Amino acid sequence: MMIGPMINSCAIIVGGLLGASLCKFIPKRLQHGLPATFALASVAIGTSMIIKGHNMPVVVMSLILGTAIGELFYFEAGVTKVAAIIQQKINRFLPMPRGLGKTEFSQQFTALIVLFGASGLGVIGAITEGLNGDYKLLLVKSMMDLVTAMIFAIALGPGVVMIAIVQFGVQASLFLLAKPIQPYMDAIAYADFSAVGGIIMLAIGLRIAKIMNFSVVNFLPALLLVLPFSHLWRHVFPS
């Protein structure tokens, strides 16, 4: 039974609803200051993950080819369209905070999908539960996501709760794939996987901080390519 993914998704829903409900009582300076802190934290987490990489050529190759796939199939554009549809539907019942435009909402929403759904803790937590039933890592992530969703819902409104659906889909897929990929997730492959995830986390931080508007959703196929590339690299270039 997938206990961790369900708890984690519920935490996002609760946090998002709390943040959207309490936004009128939160000072503006807090609303503007906290996202920058999350951006900095994302950069720090990403940096710590990147330095764990074992074969940097594998990481770079996975990122380049993965991004090319994302660009060719318009992954970012598709998620952006979904974000716009969600915003329109929810706006009928719970309007967005004043001063927030549709473009800004879509940009921030797509970044948050990756931040919540593709975080290192969530990926490892879902795989761990799939392997041995231990959902403690996802329980820790749930507590973090409750606060994170609440903070971002203050700025983006109740639409943040829809990210729970995406995150559940990602974690449920990893839960089911855990046993089939277990033979390939050795220490070196995991290090390269973490490095690719770290680059994506770094891009998310820069995007949230509005320094560089990376198409982070288009990076995600790199996470699927890095495992086979890591094993192929070691076969072709044995150390």
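Analyst: Start with a definition. A helix axis here is a line fitted to C-alpha atoms over the stretch in contact, and the angle between two axes runs from 0 to 180 degrees between N-to-C directions. Keep in mind that this is a predicted model.

Now take helix α9, residues 187-208, and helix α10, residues 221-236. Their axes come within 9 Å and cross at roughly 145°. The crossing of α9 and α10 is right-handed. Which residues make the contact? From α9 come Ile188, Ala189, Asp192, Phe193, Val196, Gly197 and Ile200. From α10 come Ala222, Leu223, Val226, Leu227, Ser230, His231 and Arg234. Sorted by class, the contact has nine nonpolar, three polar and two charged residues.

Look at the numbering of those residues on each helix. An α-helix has 3.6 residues a turn, so residues three or four places apart point the same way.

Next, α9 by itself. Helix α9 has 22 residues. From its first C-alpha to its last it reaches 31 Å, close to the 32 Å expected at 1.5 Å a residue. Is α9 mostly covered or mostly open? Mostly covered: 16 of its 22 residues are buried. After α9 comes Lys210, which has a positive phi, near 60°.

Now the aromatic rings. How many aromatic pairs does the whole structure hold? A search finds three. One of them joins Phe214 and Phe219. Their ring centres are 6.2 Å apart, with 55° between the planes, and the pair is tilted. Phe214 counts as partly exposed because its relative accessibility is 26%. Phe219 has a relative accessible area of 12%, so Phe219 is buried.

Another pair joins Trp233 and Phe237. This pair is tilted too, at 4.5 Å centre to centre and 45° between the planes. Trp233 is partly exposed, with a relative accessible area of 24%. Phe237 is also partly exposed, at 49% relative accessibility. The cut-off matters here: exposed means over 50%, so Phe237 at 49% stays in the partly exposed class.

Finally, a residue in another helix. Gln167 is found in helix α8, residues 163-181. Is Gln167 buried or exposed? Gln167 is buried, because its relative accessible area is 0%. What does Gln167 touch, leaving aside its neighbours within four places in sequence? Gln167 is in contact with Asn8, Ser9, Ile12, Phe116, Gly117, Lys141 and Asp145.

Conventions:
Residues numbered from 1 in each chain as written. Predicted model: local features only at pLDDT ≥ 70, side-chain atom pairs only at ≥ 80, totals over all residues. Heavy atoms only, no water. Helix = DSSP H or I, 4+ residues; strand = E, 2+ residues; numbered from the N terminus. Left-handed = near helix turned anticlockwise from the far one by under 90°. Contact = heavy atoms within 4.5 Å. Nonpolar A, V, L, I, M, F, W, Y, C, P; charged D, E, K, R; others polar. Buried < 20%, exposed > 50% of the residue type's maximum accessible area, 1.4 Å probe, protein only. Phe/Tyr/Trp six-rings, centres within 6.5 Å; stacked < 30°, edge-to-face > 60°. Expected span 1.5 Å × (residues − 1).
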